[in-house]
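Please find below my comments on the model under review.

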Amino acid sequence: SAENKDEVMEAAQLIKKEWLFTRHQIKKLTGLLIHKRVREIIAKADILEERLDEILSDLEADEVDTTEIDALVDAFSEKIAEAKDEYELAQEKWLEVAEIKSSHSDVTPEDLKEADLLLKEARDHVKAAHAALREAHAILKKIARLVKDKGAHVTEPDRPDYTPGED
C-alpha cells in the first residue's frame with residue numbers, strides 16, 4: 001500500500017506541474033494577443049497623427065484659427081507617446097519572459113513564478129498604454145468636433161489604409 005501511496009503522490013506532483021505549466025502558457029498567450037492588439041492601435045494612431053498634421057495644414061491654408069485644435073493635437077500626441085512608452089516597457093517584460101525556460105520538461109515552479117510576475121508587470125504596462133490610448137481617443141473626439149464646428153473641408157488622404165499585421 002505504501003507503493004500505491006508513492007505512485008499517487010508522484011502522479012499528483014506530475015499533474016500539478018502540468019497544470020502550472022498550462023496555466024502559464026494560457027496567461028502568456030492571452031497577454032500576447034492583447035499586446036499585439038495594442039501595438040496595432042498604436043500603429044494606427046501614428047498614421048492618425050500624420051493625418052491630423054495634414055488637417056491642420058489644410059485648415060491653416062483656409063485661414064482658419066487653429067490655436068485650440070493645435071493644443072488638442074499636442075495633447076493627443078503626448079498621450080500617444082505615453083502609450084508607446086508603456087508599450088515599450090511591456091515589450092521588455094515580454095522579452096524577459098521569453099528568456100525564461102519555456103521547454104515543458106525543464107521548467108521549474110520557480111521559473112513559472114518568475115514568469116508570472118513578469119507577465120503581471122507586462123500586463124500592467126499594457127493596461128497603462130490602453131488607458132493612454134483611451135484618453136487620446138477622447139481628445140480625438142474633441143478635435144473632430146472642433147474641426148466640424150469650424151466648417152472646414154477635409155479631404156481624404158492619398159495613401160492606402162493601414163492594414164494590421166503589416167509591420
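1. In this predicted model, the second largest pocket has a volume of about 160 Å³. H1, H2 and H3 each contribute at least two residues to its lining, and H3 gives the most, with six residues.

2. The lining of the second largest pocket comprises eight nonpolar, two polar and two charged residues. Its members are Ile-41, Lys-44, Ala-45, Leu-48, Phe-76, Ile-80, His-130, Leu-133, Arg-134, Ala-136, His-137 and Leu-140.

3. The largest nonpolar core contains 32 residues, and those with the most contacts inside it are Val-38, Leu-52, Ile-69, Phe-76 and Ile-143. At least two residues of this core come from each of helix H1 (2–61), helix H2 (67–99) and helix H3 (109–150). The largest share, 14 residues, is supplied by H3.

4. When its neighbours within four places in sequence are left aside, Leu-52 is in contact with Val-73, Phe-76, Leu-140 and Ile-143. Of these partners, Phe-76 and Leu-140 also line the second largest pocket.

5. As to the overall fold, the protein chain has three helices and zero strands, and its elements run α-α-α from the N terminus on. Among contacts with a separation of 6 or more, 84% are between residues 24 or more positions apart.

6. Of the 167 residues of the protein chain, 31% count as buried. The accessible surface of the protein chain comes to about 11,100 Å², and carbon and sulfur atoms account for 54% of that surface.

Key: Residues numbered from 1 in each chain as written. Predicted model: local features only at pLDDT ≥ 70, side-chain atom pairs only at ≥ 80, totals over all residues. Heavy atoms only, no water. Core = buried A, V, L, I, M, F, W, Y, C linked by side-chain atoms within 4.5 Å. Buried < 20%, exposed > 50% of the residue type's maximum accessible area, 1.4 Å probe, protein only. Helix = DSSP H or I, 4+ residues; strand = E, 2+ residues; numbered from the N terminus. Contact = heavy atoms within 4.5 Å. 1 Å grid on protein atoms, 1.4 Å probe; cavity = no way out; pocket = protein on both sides within 12 Å on 5 of 7 lines; lining within 4 Å. Points joined across faces, edges and corners; volume = space filled by probe spheres on them. Nonpolar A, V, L, I, M, F, W, Y, C, P; charged D, E, K, R; others polar. Areas by Shrake-Rupley, 256 points an atom, 1.4 Å probe, with all protein chains shown as cover.
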